[in-house]
Every structure is written in C-alpha cells, then in structure tokens.
Amino acid sequence: MSEQVLTLGESLRDRARAALGTRNLVLVGLMGAGKSSIGRLVANQLGIPFVDTDIEIERVSRMTIPELFAAYGEEEFRALEMRVIKRLLKGGPRVVSTGGGAFINERTRRHVKRSGLSVWLKADLDVLWERVGKRETRPLLKTDNPKQTLERLMTARYPIYAEADLVVWSRDVSKEIMVNEVLVAIVEGRQESKTP
C-alpha cells in the first residue's frame with residue numbers, strides 16, 4: 001500500500017513539474033498565509049530553487065524590511081520590491097514567495113503574469129491573525145488595532161489577489177496537505193481549491 005501511495009505522490013509531483021514547465025511559481029497573499037513555509041516545501045517537491053523576495057530585498061538593500069519602511073516609506077519600498085521581483089522572474093523555473101503587498105502593485109502584477117504562474121494562498125482573518133498577531137516584525141501592523149488593520153488589508157487586497165491564476169485555501173492543516181493541494185492546483189489548473 002505504501003508503495004502505491006509513493007507512486008501516486010511521485011506522479012503528482014512529476015505532473016505538477018511538467019505543468020509548470022519553465023515558468024516561475026509565484027505565491028501571493030497576505031502576511032501569515034504561508035507563502036514562505038509552503039513555498040520552500042513546494043520547491044523541494046518540484047526540485048526547483050526557492051526564493052523569498054523579502055529576504056532578497058533585505059540582502060540587496062542591506063536593511064531589514066521594517067528599516068526600509070521606516071527610512072523610505074511604503075512607496076519607495078514597493079518600487080524596490082518591484083525591481084527585485086522583475087529580476088528574479090527572469091530566471092526560472094523557481095518558486096517565488098512574495099511579500100503581502102507585492103501583487104497589489106500593478107507593474108509587479110504584470111511582471112508576474114508574464115513570466116509566472118501565480119497562486120494565491122487565501123486565508124480567513126482568524127487564521128492570519130493567529131499566525132501574525134504576536135509578531136512585532138510586521139510594519140503594516142504597527143497600529144493601535146492591528147487585527148482591524150489586517151482586516152482592512154484583506155478587504156482592500158483580496159479582490160486584487162483574486163486575479164491570481166490559481167487559489168488554494170491556507171488553513172490550519174498540515175503543511176504536507178497544503179503542499180499537496182498546491183501541486184494538485186498546478187496540475188488541474190483550477191481556479192480555486194476546496195474552501196476551508
């Protein structure tokens with residue numbers, strides 16, 4: 001029985017890799033959706049490199065994301081983010097985890113649509129809040145009511161994230177289940193996975 005499961009798993013991985021081809025797989029969504037943690041595992045399954053755009057931005061700027069926001073403001077940060085993503089998308093295939101606001105930028109979104117397959121890791125407010133509410137490293141949540149701010153970000157950004165090629169619900173299940181659902185979505189090319 002375990003041999004059959006292994007064969008099915010390998011088959012799914014091979015089919016997902018073939019469906020992706022030379023394109024980049026670009027994960028979009030709000031902070032806490034799992035873009036980095038799921039992205040690393042998906043890249044490992046597909047046998048292609050993984051890159052987190054926030055880490056790459058920090059590497060090239062020699063500043064942390066909060067430092068960049070404080071020094072230059074969100075508009076300048078988004079311009080730098082767009083340039084870094086545009087450069088990263090020139091190579092491929094790879095799995096690219098983007099920051100929560102990256103796909104909101106129209107120019108960044110155009111670059112992603114041209115050279116990638118975008119997957120929105122969609123999550124409800126309670127799941128996101130559970131994952132990010134205790135962290136002090138989120139510049140956009142440094143407000144009097146961070147949960148309300150997160151909810152406002154959802155309201156503003158979810159219609160734009162919906163432009164992604166595929167949608168997979170991020171919820172409190174094992175990472176292996178999430179990775180499997182991303183691979184299935186790639187193979188089937190369906191717009192949205194089962195709801196939470």
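Predicted model: local features only at pLDDT ≥ 70, side-chain atom pairs only at ≥ 80, totals over all residues.
Student: How many residues does helix 8 have, and what span is expected for it?
Tutor: Helix 8 covers residues 175-188, which is 14 residues. From first C-alpha to last, helix 8 reaches 20 Å. That is close to the expected value, at 1.5 Å a residue, of 20 Å.

Student: Which residues of helix 8 are buried?
Tutor: Buried means under 20% relative accessible area. In helix 8 that covers M178 and V179, then E181, V182, L183, V184, A185 and I186.

Student: In what order do the strands of the open sheet stand?
Tutor: The sheet has 5 strands, and the pairing is parallel. Strand 2 (50-52) and strand 5 stand at the edges, each with a single partner strand, so one side of each lacks a neighbour in the sheet. Neighbouring strands are turned by 25° against each other on average, direction ignored. The order is 2-3-1-4-5.

Student: Which strands does helix 5 touch where it packs on the sheet?
Tutor: Helix 5 spans residues 106-115. Its direction makes about 120° with that of strand 4. The strands it touches are strand 1 and strand 4.

Student: What residue is the bridge partner of D52 in strand 3?
Tutor: Strand 2 and strand 3 (residues 95-97) pair in the parallel sense, over 3 bridges. There, D52 has as its partner S97.

Student: Which residues stand opposite V119 and K122 of strand 4?
Tutor: Strand 4 runs parallel to strand 1 (residues 24-28), with 5 bridges joining them. V119 faces L27 across that pairing. Strand 4 also pairs in the parallel sense with strand 5 (residues 166-169), over 4 bridges. K122 stands opposite W169.

Student: Why is strand 4 largely enclosed, and which residues point each way?
Tutor: 7 of the 7 residues of strand 4 (residues 116-122) are buried, so the rest of the structure largely encloses it. In a regular strand, side chains alternate between the two faces of the sheet. Here G116, S118, W120 and K122 point one way, and the other way point L117, V119 and L121.

Student: Is S118 buried or exposed, and which residues does it touch?
Tutor: S118 lies in strand 4. Its relative accessibility is 1%, so S118 counts as buried. Leaving out residues up to four places away in sequence, S118 touches V26, F103, V112, A164, D165 and L166.

Definitions and conventions
Residues numbered from 1 in each chain as written. Heavy atoms only, no water. Helix = DSSP H or I, 4+ residues; strand = E, 2+ residues; numbered from the N terminus. Expected span 1.5 Å × (residues − 1). Buried < 20%, exposed > 50% of the residue type's maximum accessible area, 1.4 Å probe, protein only. Pairing = 2+ DSSP bridges. Axes fitted to C-alpha atoms, helices over the stretch in contact; angles between N-to-C directions. Contact = heavy atoms within 4.5 Å.
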